[in-house]
Amino acid sequence: SSSTKSPLLPFSKVTADTWRWKDAVLGDGRDFFVPRPKTLEKLAKYLQEDFPEIQECIILSNCARFEILFAVDVDEGGIDVSALSLAISRKII
């Protein structure tokens, strides 16, 4: 039935696995969690376009948390991950 359809189908295996981990560790939010996968995907793509040093970006959200996880290659040009994280926070707030 459509009520049991997984909201993870349009995502990559890495994203789906990360989402399952989030549900297992942080909880699924039950009635308070309204996933917006298209919005989260658009925000991730926006951040990757604005910050080219981000190789992969996943955004996890539930009723209590909003987390942006990103991967960078630290061997390329000595990326300051703390500064990048702060810049991303300032961009979306």
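Helices (H or I, at least four residues) and strands (E, at least two) are DSSP runs, numbered from the N terminus. The exercises below use a predicted model.

**Exercise 1.** Determine which element gives the most to the lining of the largest pocket, and describe that lining.

Solution.
1. Start with the volume: the largest pocket holds about 230 Å³ of space.
2. Its lining comprises 15 residues, and Phe11, Thr15, Glu41, Ala44 and Cys57 are the closest to the pocket centre.
3. Next, assign the lining to elements. At least two residues each come from helix 1 (13-26), helix 2 and strand 1 (54-61).
4. Helix 2 gives the most, with six residues.
5. Sorted by class, the lining of the largest pocket has nine nonpolar, three polar and three charged residues.

**Exercise 2.** Classify the orientation of helix 2 and helix 3 to each other, and state the handedness of their crossing.

Solution.
1. Helix 2 covers residues 37-50 and helix 3 covers residues 81-92; their axes come within 12 Å and cross at roughly 125 degrees.
2. Angles of 65 to 115 degrees count as roughly perpendicular and those over 145 as roughly antiparallel. Helix 2 and helix 3 are therefore oblique to each other.
3. The crossing of helix 2 past helix 3 is right-handed.

**Exercise 3.** List the residues that make the contact between helix 2 and helix 3, then sort them by class.

Solution.
1. On the side of helix 2, the contact is made by Leu43, Tyr46, Leu47 and Asp50.
2. Helix 3 contributes Ile88, Lys91 and Ile92.
3. By class, this contact of helix 2 with helix 3 has five nonpolar and two charged residues, and no polar ones.

Conventions:
Residues numbered from 1 in each chain as written. Predicted model: local features only at pLDDT ≥ 70, side-chain atom pairs only at ≥ 80, totals over all residues. Heavy atoms only, no water. Axes fitted to C-alpha atoms, helices over the stretch in contact; angles between N-to-C directions. Parallel < 35°, antiparallel > 145°, perpendicular 65-115°, else oblique. Left-handed = near helix turned anticlockwise from the far one by under 90°. Contact = heavy atoms within 4.5 Å. Nonpolar A, V, L, I, M, F, W, Y, C, P; charged D, E, K, R; others polar. 1 Å grid on protein atoms, 1.4 Å probe; cavity = no way out; pocket = protein on both sides within 12 Å on 5 of 7 lines; lining within 4 Å. Points joined across faces, edges and corners; volume = space filled by probe spheres on them.
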